[in-house]
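The sequence and the model are shown first.

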Amino acid sequence: MMQQISSSPKRIRQTNILGALQALHEHRSMSRADLARLMGLNRSSSGKIIGDMIARGLVREVRATATAEPRAQAGRPGILLELIPEALWVLGVEIGVEHITTVQVDFTGALRHCRTEPFEGDRVGPADAVRQSIAQLLEDFDPALMERCAGVGISVPAQLTTEGDSRKVRSAALLKWENVDLRELALSSLPECFPKTIPVAVENDANAFAIGTSYSTPDAASGVTLFLLLEAGIGGGLLVEGELLRGGHGLAGEIGHLHMPDSVLNLEQTIGRAAVLRRFREVSGLAEADLATLEQEVRDRVPRAVEIAEDWARGLAWAIVQASRLIDPNQVVLGGSLALLYPLIAARVLAHIRDLQGEDFPVPAIHLNDKAMAGSAFGAACMMHKAIFTNAEERPAILLDS
């Protein structure tokens with residue numbers, strides 16, 4: 001018992017600082033009195049914690065507006081506390097089959113920068129893929145901020161296994177990878193100017209998408225939400241009351257491998273990006289046609305594109321119905337490059353769902369994530385942002401220094 005309390009003054013101070021920072025993240029801004037009340041601290045103790053946070057460059061005082069603090073009395077505006085966005089940064093990477101996306105997320109959890117570059121994932125080994133990802137990530141990141149980087153999250157379309165404190169790639173069929181420790185590859189690729197103890201974590205792309213969406217959209221964290229990441233593959237993730245449901249082998253929600261009715265093909269082989277573009281190029285004769293061209297033709301009601309979109313809508317509807325029969329989601333959130341087709345044919349998807357499951361079965365609400373292209377990389381960054389407040393072993397030095 002003595003070992004647990006031997007460093008209690010320092011530990012308590014750090015815990016209080018982290019609690020205060022988390023409260024400011026959740027509430028965006030608070031008065032000193034409200035923060036002290038929420039944390040159950042007296043004025044003197046809370047004053048020391050607030051002074052410490054301000055001295056570390058984590059928190060600043062701002063004048064309250066009538067909107068920000070409706071309880072403020074008439075006369076001089078009150079003073080509120082808020083996180084300094086540039087105080088800490090987390091970085092996110094999505095290594096996809098056809099692209100690499102990198103993002104920067106500030107201390108408030110806001111997406112500040114996103115970049116997507118083409119990538120031939122099935123022709124590049126994991127070590128080179130990681131090096132290319134890190135190079136792209138750092139090309140857009142101010143070197144002066146590297147000491148304030150609190151973590152790097154990596155998402156990948158793969159089945160992962162947990163070994164010790166990290167998650168490793170067991171199999172990434174679309175990338176042709178097996179048994180890869182992406183975390184170690186990333187750590188060896190980061191330059192020396194990064195903090196030596198910087199945390200790096202790896203997550204399945206659909207799970208990362210789910211984490212990011214729920215992190216930025218509170219409504220997505222309630223009830224049961226199915227997240228579908230529509231890219232080369234069809235990845236799925238599940239949140240139940242805000243908690244990620246991995247399943248017995250980390251594959252919960254992965255509906256992309258469901259076989260289509262009366263077919264030897266599975267869902268992602270039917271409505272995945274490669275299948276959709278291959279068919280569009282065949283019927284259009286445009287060998288280099290991309291997804292943007294297909295989307296434009298759907299908007300223009302070109303018959304060949306409309307037919308492909310209709311089949312895609314039917315396949316997506318079938319998948320949602322199968323998932324609904326098993327998990328009964330309140331809502332389905334779509335992300336990834338193919339998700340941008342959904343607004344163009346949403347009515348057809350809903351019509352097919354109603355035809356397939358009947359009037360007596362509820363239809364889940366379907367939403368397009370507003371960060372459809374950045375979703376997985378953003379979620380990987382959010383995973384590291386959350387760790388700032390919750391992972392005692394991987395907090396950045398700026399929070400741990402006495």
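The model is predicted. Helix α5 has 14 residues, which at 1.5 Å a residue should span 20 Å; its end C-alpha atoms are 20 Å apart, so the two values agree. Its buried residues are A129, V130, S133, I134, Q136, L137 and L138. These buried residues pack against the strands β3, β4, β5, β6 and β9 (177-180), and against the helix α6 (182-189).

A like check can be made for α9. This helix has 12 residues and reaches 16 Å from its first C-alpha to its last, close to the 16 Å expected at 1.5 Å a residue. R273, A275, V276, L277, F280 and S284 are the buried residues of α9, and they pack against α8, α10 and α11. After α9 comes G285, with a positive phi near 75°.

In soluble globular proteins, nonpolar side chains tend to be buried together. The largest nonpolar core in this model has 41 residues, and L228, W312, L316 and L334 have the most contacts inside it. Elements that each supply at least two residues of this core include the strands β11 (224-230), β12 (234-240) and β14 (331-335). The helices α8 (267-271), α9 (273-284), α10 (291-299), α11 (303-327) and α12 (342-357) also supply at least two residues each. The largest share, 12 residues, comes from α11.

Beyond its neighbours within four places in sequence, L228 is in contact with F209, G235, G236, I255, L316, I320, V332, V333, L334 and G335. A second, separate core has 35 residues, among them V97, L137, V152 and A186. L137 is also one of the buried residues of α5.

**Aromatic pairs and a charge over a ring**

A pair of aromatic rings is described by the distance of the centres and the angle of the planes. The structure holds 3 aromatic pairs; two of them are tabulated here.

| Pair | Centre to centre | Angle between planes | Type |
|---|---|---|---|
| W89 and F141 | 6.1 Å | 75° | edge-to-face |
| F107 and F389 | 6.2 Å | 15° | stacked |

W89 lies in strand β3 (residues 89-95) and F141 in the loop between α5 (126-139) and β6, so this pair ties together parts that are 52 residues apart in sequence. W89 counts as buried at 5% relative accessibility, and F141 is buried with a relative accessible area of 2%.

F107 lies in the loop between β4 (99-106) and β5 (111-118), while F389 is in helix α13 (residues 375-390); the pair therefore ties together parts that are 282 residues apart in sequence. F107 is buried at a relative accessible area of 0%, and F389 is buried at 7%.

R325 lies over the face of F361, at 4.3 Å from the ring centre.

S155 lies in strand β6 (residues 149-156). Is S155 buried or exposed? Its relative accessible area is 0%, so S155 is buried, the cut-off being under 20%. The side chains of S155 and S376 are joined by a polar contact of 2.6 Å. Apart from neighbours within four places in sequence, S155 is in contact with V93, E94, I95, E203, D205, A208, S376, A377 and A380.

Note on methods:
Residues are numbered from 1 along each chain as its sequence is written. This is a predicted model: local features need pLDDT of at least 70, side-chain atom pairs count only at pLDDT 80 or more; totals for chains, interfaces and linings use all residues. Side-chain values use heavy atoms; hydrogens and water are left out. Helices (H or I, at least four residues) and strands (E, at least two) are DSSP runs, numbered from the N terminus. Buried means under 20% relative accessible area, exposed over 50%, partly exposed in between (1.4 Å probe, protein chains only). A polar contact is a pair of N or O atoms within 3.5 Å; within protein, one must be able to donate a hydrogen and the other to accept it, and residues adjacent in sequence count only if both atoms are side-chain atoms. Contact means heavy atoms within 4.5 Å. A nonpolar core is a set of buried Ala, Val, Leu, Ile, Met, Phe, Trp, Tyr and Cys residues joined through side-chain atoms within 4.5 Å. The expected span of a helix is 1.5 Å times one less than its number of residues. Rings of Phe, Tyr and Trp (its six-membered ring) pair if their centres lie within 6.5 Å; planes under 30 degrees apart count as stacked, over 60 as edge-to-face and the rest as tilted. A charge sits over a ring if NZ of Lys or CZ of Arg is within 6 Å of the ring centre and within 35 degrees of the ring normal.
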